[in-house]
Amino acid sequence: MIFALYKAAMQLGTPVVEAFLQKRLARGKEDPERISERRGIATRERPDGRLFWVHGASVGECQAALALINCLLARDPGLHVLLTSGTRTSAELMAGRLPERAIHQFVPIDHPHWIARFLDHWTPSAAVFVESDLWPNLVLATRSRNIPLVLANARMSEDSFARWRRFGILTSRLFRDFSLILASNDQQKAGFESLTDAPVLSIGNLKRAAAPLTVDATALGMLKQAIGTRPVFLAASTHDGEDLAVLDAHRRAAESVPNLLTIIVPRHPARGPDIAALAASKDLLAVRRENGALPDTTTAIYVADTLGEMGSFFTLADTVFVAGSLIPVGGHNPLEPAHFGKPVLFGPLMAKNADIAADMIAAGAAEEVDAAGLGDRVAALTGDSPARAAMAAAALTFAHGQGRIADDMAERVLAATSHPGVTR
């Protein structure tokens, strides 16, 4: 009954949903050339044959999904994949990273007619939701068409599990529609088993299997020439509220590391001007990549407010701080810099990648720091080549050992969607 009421409310509330979409468009959160996709209107033709629909909410989920997509396509030469997400940033990043036989569309908003239109066009053979971006109409409408559903890399916070448990029978109704739930670890497996009788397996965190980020050799060459032999500290994917801590860390580290260059890559490039202004208020000379600038010998802070270049900045860095971990965002994937053989630092708020963070610390590949200690740790690692090299080697070894998870997951997904009910 509740789901029926929700469906009716979304349908009757079309003007409100449209107003919401227009507000997002005005704020730059939607792509004006592809806004129709949010209403379920496809902007690409459906390829012939079997099509798997893979959905990830944003950048992190889509990057994790790439490893699974590559394994699915390798196992089935006749398969095509549709990847959906809900953010412009994820769409822009995926545009240059998706393999052949894979295409991207924005996921439709959870409006019954828009979802029906989406499903009518794409008619997926199976649907794979990555992590836990579950919308009732989207899930129920998909399963009502007898499309097998898999929840891959399933994970939630304990607070989210508690909220879902409070809904009782409604939660059970939503999750029972999944042919298989692949939890990211044993703790997550137990959490999902408390919500549903659907089959739940634990085979690992898909983020561990993500391929190294790409590097543009031309852009990297220009950056190397501009930076020369300067030591480089990289703050990767910062959020509002973290930049000040990074600037303070630069100033602290620069006291003992001559000519230190700090590169700040904001998670959202639109914050570039604000970061440059904040640096200027601290008497630190900053230039922005979005303006076409390269750092020179006088540059203290290089604001890399562009998309798709993180691989180049990981290559350049001596030490990497993984942001989203000093404020309650949950921390970004620390394996990304590990693939480049870099010492990894992150703050204490790594809830979204807690298992990876803990394992990397245990392997000597990463360290947890707080805002006050970040500058001292950057200085210590930058000034101690043997310690930095040992940590970098441990990071690379750890990253190389994670690849089997995506292949295992692809095998489970294909089995569950080809023969629903098969989980082993």
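1. Cysteine 71 counts as buried at 17% relative accessibility, where buried means under 20% relative accessible area, exposed over 50% and partly exposed in between, with a 1.4 Å probe and protein chains only. Please keep in mind that this is a predicted model, in which local features need pLDDT of at least 70 and side-chain atom pairs count only at pLDDT 80 or more, while totals for chains, interfaces and linings use all residues. Residues are numbered from 1 along each chain as its sequence is written, and side-chain values use heavy atoms, with hydrogens and water left out.

2. A disulfide is a covalent bond between the sulfur atoms of two cysteines. Here the term is applied to a pair of cysteine sulfur atoms within 2.5 Å, and the structure holds zero of them. Cysteine 71 is in no disulfide, and the nearest cysteine sulfur, that of cysteine 62, is 17 Å away. Cysteine 62 is likewise in no disulfide, with the sulfur of cysteine 71 as its nearest at 17 Å. With a relative accessible area of 0%, cysteine 62 is buried.

3. Both cysteines turn up again in helix packing. Two packed helices are described by the angle between their axes and the distance between the axes. The axes are lines fitted to C-alpha atoms, for helices over the stretch in contact, and angles run from 0 to 180 degrees between N-to-C directions. Helices (H or I, at least four residues) and strands (E, at least two) are DSSP runs, numbered from the N terminus.

4. How are α3 and α18 placed relative to each other? Helix α3 (residues 59–75) packs against helix α18 (residues 404–418) at an angle of about 60°, and their axes are 8 Å apart. The two are therefore oblique to each other; angles under 35 degrees count as roughly parallel, over 145 as roughly antiparallel, 65 to 115 as roughly perpendicular and the rest as oblique. Their crossing is right-handed, a term used when the near helix is turned clockwise from the far one by less than a right angle, with anticlockwise giving left-handed.

5. Cys71 is among the α3 residues that make this contact, along with Ala67, Leu68, Leu72 and Arg75; contact means heavy atoms within 4.5 Å. By class, the contact of α3 with α18 has nine nonpolar, no polar and three charged residues. For these classes, Ala, Val, Leu, Ile, Met, Phe, Trp, Tyr, Cys and Pro count as nonpolar, Asp, Glu, Lys and Arg as charged, and the others, Gly among them, as polar.

6. α3 also packs with helix α4 (residues 88–95), at an angle of about 30° and with the axes 9 Å apart. That makes α3 roughly parallel to α4, and the crossing is right-handed. Cys62 takes part here, with Val59, Gln63 and Leu66 of α3 meeting Thr89, Ser90, Leu93 and Met94 of α4. This contact divides into five nonpolar, three polar and no charged residues.

7. Two backbone spots are worth a look in your viewer. Threonine 123 is not a glycine, yet has a positive phi of about 35°. Threonine 123 is found in the loop between α5 (112–122) and β4 (126–130) and is partly exposed, at 43% relative accessibility. Asparagine 153, also not a glycine, has a positive phi of about 55°. Asparagine 153 sits in strand β5 (residues 149–154) and is buried, at 0% relative accessibility.
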